[in-house]
Amino acid sequence: MPKIELNGREVEFREGETLLNIAWREGENVPVFCYHPKLPVFAGCRMCLVEVEMRGRKGLMPACGTKAMDGMKVWTNSEATKFAQHSVLELLLLNHPLDCPNCDAGGECDLQEITFMHGPTRSRYKFPKRKFEIRDVGPFIDLYPTRCIQCYRCATFYWTIGGGKDWAVFDRGWYTLFGPEKDKFLNNEFSGNLIEVCPLGAITGKDYKFFTRPWEIESVPTISPEDSLGANVYVDVRRRKPFSRGPFVKAGRREDLHKIIRINGRENPDINEFWITDRDRFSHEYNNINRVDYPHLKTEDGSWFKSNWNVALDWIATNLKKAKNPAIISGARGTNESAYAARKLFKETLLINNLDFRKPHLALKNDPIKATLGYSSSNGSVADIDRAEVIIIVGDVRETVPGIGIRLVRASRRGAKLFVLNPYKERYSYEGWAEWVPMRVGGEYKDFVSFLSDRKDELMDKSVLFIISDDSDPNIQSFIGRDVALNERHKLLLLRTLPNAQGFIDVGFSPEPDGLNTKEILEGCRNGSIDFLIIWEVEPLWEYFDRETVEEALRNTPFVLVLTSFWDPSTEYASAVLPITTPYEEEGTRTNLEGYVQYCKDALWPYEGSRPAWWIFKQLIIRLGGDASWRSAKDVFSEIKDVIIPYKDLDPYDVKYEERDFPDYIPTIRKLKRVFRSDKARYEFVPEEFEIAPPEERHIKGRILYWSHHIYKGSYWAFRNPLQKPYIHDKTVFVSPEEGMKEGLKDGDRVILKVKNMEFEVFIRYDERIPAGLWVFKGLFYDVPLNKVLKERYAEIEDVIPVGDAVKS
Amino acid sequence: MPKEYRLLLSYTDAKDSHAIDTYISLGGYESLRKALFDMSPQDIIEEVKKSKLRGRGGAGFPTGLKWDFVPKDHPGPKYVVCNADEGEPGTFKDREILYKAPHLLIEGMIIAGKAIGANEGYIYLRYEYIWIFQRLKDAIKEAYNKGFLGKNILGSGFDFDLYVYLGAGAYICGEETALLDSLEGKRGLPRLKPPYPAQFGLYGKPTVVNNVETLATVPIIINKGGEWYSSLGTEESTGTRLLAVSGAIKKPGVYEFELGSITLRELIEYCGGMKEGSEFLGVIPGGISAPILKEEDLDTPITMEDIAKKGSMLGSGAIMVLDRSVKILSLIRRTSEFFAFESCGKCTPCRDGTAWMTRILVDVEKRGFMTEEDVDMINSIVNEIKGKCFCALGEAAQMSVGAFVNKYKDELITNKVKRP
């Protein structure tokens with residue numbers, strides 16, 4: 001093995017290792033600024049200069065960018081090295097305002113720590129410092145360019161990892177300024193990572209602004225519940241700890257128990273690497289907004305009675321016992337444990353299979369993937385994106401599971417061919433990472449098949465990864481399912497649009513074999529055959545199409561029990577509302593879209609009287625005479641392990657991580673010391689033969705109202721946050737500029753859409769990515785009840801009547 | 001009195017020397033025929049190696065060696081890039097070739113393409129030479145029309161396409177890797193080396209980046225042979241060198257001399273001597289990056305190694321003769337300001353060190369004299385920059401400013417400098 005001489009002792013190294021790797025492994029103190037283990041080497045800050053002797057020549061070399069060679073002599077603590085560190089720090093501090101007392105990074109700032117270790121005690125610079133104005137670049141991030149030390153970490157991240165195009169570097173020399181154009185908001189869903197990448201407080205988060213100090217914080221490793229990727233995160237909370245200092249913590253404020261201070265990324269190389277999306281990062285303020293505090297029961301005169309748990313559960317159990325045909329619908333947002341408890345309540349205690357989590361229009365008797373592939377799950381993985389030669393995406397990834405975007409960008413950079421099949425251009429095709437294959441609304445299947453036959457040559461003998469969202473055309477799903485089952489080089493990554501859908505399927509929260517699915521449950525409610533409906537963490541009035549059926553169903557059901565955290569509109573129809581915990585308040589496991597079962601630790605105290613859903617189901621099981629003796633979520637999981645075969649060998653409660661050789665004295669790199677790994681459920685795919693009858697093609701002439709996902713507005717939790725509001729355009733329909741111009745509308749105009757003889761007032765917003773003829777509404781229907789007329793994803797617009805001038809927003 | 005040796009400049013003498021017909025009548029494109037039909041790529045590289053030609057851009061790296069580093073069996077494209085970003089203050093020698101003998105350069109680039117197996121070439125022209133841009137494009141068009149460029153050149157089966165790219169006016173883009181970044185359409189920042197451009201250059205492909213003068217010399221070497229070329233000049237610095245002489249002399253201009261055949265003093269005399277009534281102050285032998293030389297060093301022969309021995313460098317061959325009408329404080333301030341303004345901001349010592357020096361020197365210039373503390377401060381900053389920069393820009397800044405301050409220290413501190 002080749003050797004170098006490090007500070008006078010011989011050290012072995014592997015081929016290709018840099019001097020920095022070796023020095024850190026050996027515990028030597030080498031400070032860095034521009035180097036970040038997850039970013040390409042930049043070698044600009046010169047902080048890691050070390051004295052190197054090679055072939056008789058001595059000089060200073062950047063440790064981060066110099067590969068070790070046999071016979072090299074390296075000193076990390078010689079006079080020359082120390083002088084280099086001292087000079088670079090003095091030069092870096094020339095312009096730094098030293099406003100640590102009111103800087104958010106104070107206490108976890110690389111510059112602060114390294115200056116204390118190596119820097120000069122006072123500056124010899126006697127001229128005015130360079131100043132920039134504070135820049136507001138969107139609802140999430142503040143830029144303080146005056147503090148910037150121009151390490152280029154942000155630009156390197158934004159360009160190479162995030163794939164963003166709207167982060168620029170202006171001017172040069174020491175007036176170098178980073179950020180988007182003037183008065184522009186950042187338009188990349190990974191922008192929040194800039195805060196973590198920045199070695200000091202030049203980029204700070206607005207959620208964390210002037211709020212606390214790092215030494216008051218406890219970081220809880222957990223899982224983001226926002227999407228089915230299950231990004232690994234650290235949730236920072238402020239708790240009373242014996243060693244904590246600071247006025248607030250000593251006093252121990254009550255609201256600290258319910259307040260998430262910020263969310264940071266956690267490294268898991270199989271899932272999110274280190275980067276998390278803005279939705280994962282900034283969606284945490286909903287925890288205190290519009291919450292249900294205690295069980296509420298409806299009295300005979302229609303008013304709410306605030307009850308305690310025993311009374312409420314007894315009364316509900318009595319009603320449930322009387323019910324002939326109960327049913328439960330869900331949004332797949334709970335933990336696996338809760339889903340299993342619900343399944344046990346229904347399938348084993350009540351002996352009724354009426355349980356489903358799918359949206360009514362997707363609740364098919366025959367799951368296309370299960371029928372063709374043998375099990376309803378992806379057989380590929382997120383890591384396959386890095387291996388595939390051709391990637392075919394059906395649907396809008398950015399709005400459903402944005403977290404896989406970093407891998408898509410990387411795949412495109414490495415030369416893989418990416419195709420996006422979607423009615424409009426989404427982010428990856430618009431920014432040029434992928435080729436857009438337009439799909440006609442109503443003729444998706446035909447367009448998909450003709451795309452495959454047109455591009456046969458490009459797909460032949462290649463490793464292909466299909467990425468489809470689970471709400472895309474079922475015929476396309478079964479086509480891909482069969483293709484993947486037959487072809488070994490083809491893999492499928494099924495994007496679940498509901499966060500824990502895979503876990504719900506695995507633990508058996510499904511109507512099989514003979515129960516009613518969501519559509520039939522709602523139908524049953526409407527015609528009175530179902531007399532007890534449990535609505536669990538789903539808002540049917542906002543999420544389901546065909547709102548009138550839903551409203552009628554809720555009205556006609558004798559007993560509606562709503563398990564929810566928020567006072568959402570369906571609680572109006574409820575006979576009882578039970579408060580349940582939000583994801584960060586609850587312990588449990590979640591399964592991501594490829595089958596990784598991951599442990600979510602509870603970071604907060606449950607809000608007032610709210611309880612985890614599994615506990616409620618357990619109480620109901622006991623009151624109905626069943627057997628449930630779990631005392632914690634872990635107990636539930638040990639029962640799941642016995643019953644659910646794919647989870648047999650898993651032990652997610654034992655969180656596994658390895659320690660890396662990174663030093664402790666650089667705060668932004670200290671975070672990366674621990675690498676987490678998760679275990680994957682073992683699915684058995686038993687393909688069956690499955691006939692596909694090509695669907696009828698439907699053509700809509702004229703203007704089509706089309707529903708699509710939205711990264712913030714479409715998420716059950718994210719849209720409740722005040723922080724996200726600027727990115728959520730309420731009451732807005734997106735059209736192409738040419739279409740808008742043709743109708744005589746300006747950007748921001750108020751119009752009345754006439755669909756199926758109903759009128760809706762909306763705002764028009766131009767979006768050049770949308771083809772003419774398409775009017776796109778995104779996300780939940782909490783602002784405009786367009787689901788009254790949308791029986792499926794699209795409907796025909798009869799008329800557009802302008803009502804007012806452009807509204808200044 | 002030594003005489004000029006007009007090897008390259010002989011192509012610029014005729015009227016309409018930029019036209020292809022004039023060039024062909026002077027024996028142009030004959031070496032291209034020789035290289036295409038009689039020589040293998042390796043032969044060309046060996047010939048250039050034999051000539052011991054060193055890069056004329058400033059660093060003086062052996063050209064043949066540079067070409068030899070390009071992987072021979074690399075699949076996919078390779079590139080030849082001509083560095084015509086002649087940004088070094090005081091340098092105007094490449095302009096002479098670009099404007100008056102563009103075909104010499106074009107021929108050199110095609111031969112270089114043949115030698116390394118590249119089928120595409122780019123000329124990165126500095127923005128300030130926008131007036132040459134059209135002439136270069138016209139010259140390339142002429143070469144295409146005559147069949148020297150394009151597919152299957154002269155029926156030899158070798159293809160070569162040539163493009164001119166106009167930079168946006170940044171000194172740093174004269175650094176070869178920053179030039180490549182700029183050519184790719186990115187921000188011009190120097191890249192981390194290794195990998196060198198010969199392995200990972202333009203668009204990540206093997207690339208040779210050469211100065212205009214270097215590439216223009218190649219046809220002559222191919223024509224007359226490497227051995228003949230290496231017989232000119234000294235052992236270490238072979239051949240001739242274009243010298244862009246400017247300043248307080250009677251006949252400034254571009255001259256060509258055999259290396260080692262002339263000393264700095266003789267050169268000043270050859271250029272007509274100092275202007276009437278001017279008193280010699282110093283000479284900068286290689287563009288503003290090179291430390292200044294004083295009267296006692298004037299007997300140094302003009303070769304790379306001799307000037308290096310005096311603590312300066314021949315660099316780009318821009319010889320600036322300064323007289324006492326120059327305010328030294330303004331000169332130092334302006335030099336420092338230039339480097340601070342042109343620093344790309346990638347590395348800390350260059351970005352912050354040059355700007356700090358400039359602020360001190362602006363102060364000093366206002367005051368009119370330097371103090372002992374100022375000199376110590378400048379020297380201290382120079383030490384903080386020295387050996388820590390990413391590329392040569394920062395090193396050049398500290399060398400040149402440091403030399404000015406230290407060599408004229410006595411005059412500056414006691415304010416003895418004559419002021420007009």
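Buried area is the accessible area, found with a 1.4 Å probe, that two parts lose on being put together, summed over both. The views below all come from a predicted model.

**View 1. The interface of chain A and chain B.** In this predicted model, chain A and chain B bury about 2,700 Å² between them, and 59% of that area lies on carbon and sulfur atoms. The contact brings together 32 residues of chain A and 30 residues of chain B. Across this interface the rule finds 2 salt bridges.

**View 2. A salt bridge between R172(A) and E342(B).** Side chains of opposite charge can pair when their charged atoms come close. Here the side chain of R172(A) meets that of E342(B) in a salt bridge, with a distance of 3.1 Å from N to O.

**View 3. A salt bridge within chain A, between E196(A) and K671(A).** Over all chains, the structure holds 96 salt bridges, and one of them joins E196(A) to K671(A), whose closest N and O atoms are 3.7 Å apart. Because E196(A) lies in helix 5 (residues 193–197) of chain A, while K671(A) lies in the loop between helix 23 (667–670) and strand 29 (674–677) of chain A, the pair ties together parts that are 475 residues apart in sequence.

**View 4. Helix 14 and helix 15 of chain B.** The axes of helix 14 (residues 348–367) of chain B and helix 15 (residues 372–385) of chain B come within 10 Å and cross at roughly 165°. Angles over 145 degrees count as roughly antiparallel, and the two helices are therefore roughly antiparallel to each other. Helix 14 of chain B passes helix 15 of chain B in a left-handed crossing. Among the residues that meet are W356(B), M357(B) and I360(B) from helix 14 of chain B, and M377(B), I378(B) and I381(B) from helix 15 of chain B. The residues of this contact divide into 11 nonpolar, 2 polar and 3 charged.

**View 5. Helix 6 and helix 7 of chain B.** The axes of helix 6 (residues 102–116) of chain B and helix 7 (residues 130–146) of chain B also come within 10 Å, and they cross at roughly 60°, so these two helices are oblique to each other. The crossing in which helix 6 of chain B passes helix 7 of chain B is right-handed. In the contact, P102(B), H103(B) and I106(B) of helix 6 of chain B meet L136(B), A139(B), I140(B), E142(B) and A143(B) of helix 7 of chain B. These residues divide into 6 nonpolar, 1 polar and 1 charged.

Methods:
Residues numbered from 1 in each chain as written. Chains lettered and ligands numbered in written order. Predicted model: local features only at pLDDT ≥ 70, side-chain atom pairs only at ≥ 80, totals over all residues. Heavy atoms only, no water. Axes fitted to C-alpha atoms, helices over the stretch in contact; angles between N-to-C directions. Helix = DSSP H or I, 4+ residues; strand = E, 2+ residues; numbered from the N terminus. Parallel < 35°, antiparallel > 145°, perpendicular 65-115°, else oblique. Left-handed = near helix turned anticlockwise from the far one by under 90°. Contact = heavy atoms within 4.5 Å. Nonpolar A, V, L, I, M, F, W, Y, C, P; charged D, E, K, R; others polar. Salt bridge = Lys/Arg side-chain N within 4 Å of Asp/Glu carboxyl O.
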